[in-house]
Amino acid sequence: MEKSASSTESPGPRPFLGRDSVQVPDDQDFRSFRSECEAEAGWNLTYSKAGVSVWVQAVEVDRPLHKIKCRMECRDVPAETLYDVLHDIEYRKKWDSNVIETFDIARLTVNADVGYYSWRCPKPLKNRDVITLRSWLPMGTDYIIMNYSVKHPKYPPRKDLVRAVSIQTGYLIQSTGPKSCIITYLAQVDPKGSLPKWVVNKSSQFLAPKAMKKMYKACVKYPEWKQKHQPHFKPWLHPEQSPLPSLALSELSVQHADSLENIDESTVAESREERSSGAGGEGSDDDTSLT
């Protein structure tokens, strides 16, 4: 599936939220996702500094479901390098300080798989995890990676984590030159919990920009790291390299949020440790693990 996804106009958004069966996204889905990444109407700018911008959009007034969109200008990072970094699960374990555990489960097609990801939430909130169907598509010098939540029979919700739901999450990478690009991260996630307002504010004002800047640092260091770690192993570019077992779509089902336990954390106060970490400098991350 290497053909262009931008040859015709999208008839409009087709959100994964309304799907009752598991499907691998098609060209229309990729076009719709790209259109939403580039849209301006209905988004509120909450952060803009040093080449990083963040917008939020309330989806429903009485629910914690929000959309967040982050965009970053990446100088000295080619689009194809950023695309590799987002795919390389072994490298993610090095640079993503929020990850608890992440692994690929199975392959669906040459450009779609199923994977597991768990991450640390701001203390004292409970940590979350998610099972997603991820798909990707190169479009000339641009790339899209996106996912939505599914249920896998061998990976039910765990008692020590809250199972979140990705309605639609992903990245649009747009090349702006031989050694530069722009990345847009779009996320519509149901965290399965009545979250306090400080969490939403902190995500848009601090956590999202910090995560983008950390990703940029990881991209700068990736070529050197990759030369020492299976430099030619890139199954996202060469499907024949994939060691994953194949899985039939019929083994999966759509993960609907209303089938999961809802955790009320609306009254949880931000910990002193989190308050102090949010007030400090954003460039103080330890990068020694990336070498």
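Predicted model: local features only at pLDDT ≥ 70, side-chain atom pairs only at ≥ 80, totals over all residues.
The protein chain has a mean pLDDT of 82, with 74% of its residues at 70 or more. Helix H2 (residues 79–87) comes out highest, at a mean of 97, while helix H5 (residues 272–279) sits lowest, at 49.

## The nonpolar cores

The largest nonpolar core holds 32 residues, and the members that touch the most others are Leu 82, Leu 86, Ile 173, Ile 183 and Met 215. H4 gives the largest share, at 7 residues.

Beyond its neighbours within four places in sequence, Met 215 is in contact with Leu 82, Leu 86, Trp 95, Tyr 171 and Ile 183. There's also a second, separate core, made of 15 residues, with Ala 106, Leu 133, Leu 247 and Val 254 among them.

## The second largest pocket

This pocket takes in about 380 Å³ of space. Its lining runs to 23 residues, and those nearest the centre are Ile 89, Asp 104, Phe 233, Pro 235 and Trp 236. Sorted by class, the lining has 11 nonpolar, 7 charged and 5 polar residues.

Where does the lining come from? At least two residues each are supplied by H3, strand S4 (99–109), strand S5 (112–119), strand S6 (128–139) and H4. S4 gives the most, with 3 residues.

## Two residues with positive phi

Asp 76 isn't a glycine, yet its phi is positive, at about 65°. You'll find Asp 76 in the loop between S3 and H2. Asp 76 is exposed, with a relative accessible area of 63%.

Gln 230 is another non-glycine residue with a positive phi, this time near 50°. Gln 230 belongs to the loop between H4 and strand S12 (253–254). Is Gln 230 buried or exposed? Gln 230 counts as exposed, because its relative accessibility is 54% and the cut-off for exposed is over 50%.

Methods: Residues numbered from 1 in each chain as written. Heavy atoms only, no water. pLDDT = per-residue confidence, 0-100. Helix = DSSP H or I, 4+ residues; strand = E, 2+ residues; numbered from the N terminus. Core = buried A, V, L, I, M, F, W, Y, C linked by side-chain atoms within 4.5 Å. Buried < 20%, exposed > 50% of the residue type's maximum accessible area, 1.4 Å probe, protein only. Contact = heavy atoms within 4.5 Å. 1 Å grid on protein atoms, 1.4 Å probe; cavity = no way out; pocket = protein on both sides within 12 Å on 5 of 7 lines; lining within 4 Å. Points joined across faces, edges and corners; volume = space filled by probe spheres on them. Nonpolar A, V, L, I, M, F, W, Y, C, P; charged D, E, K, R; others polar.
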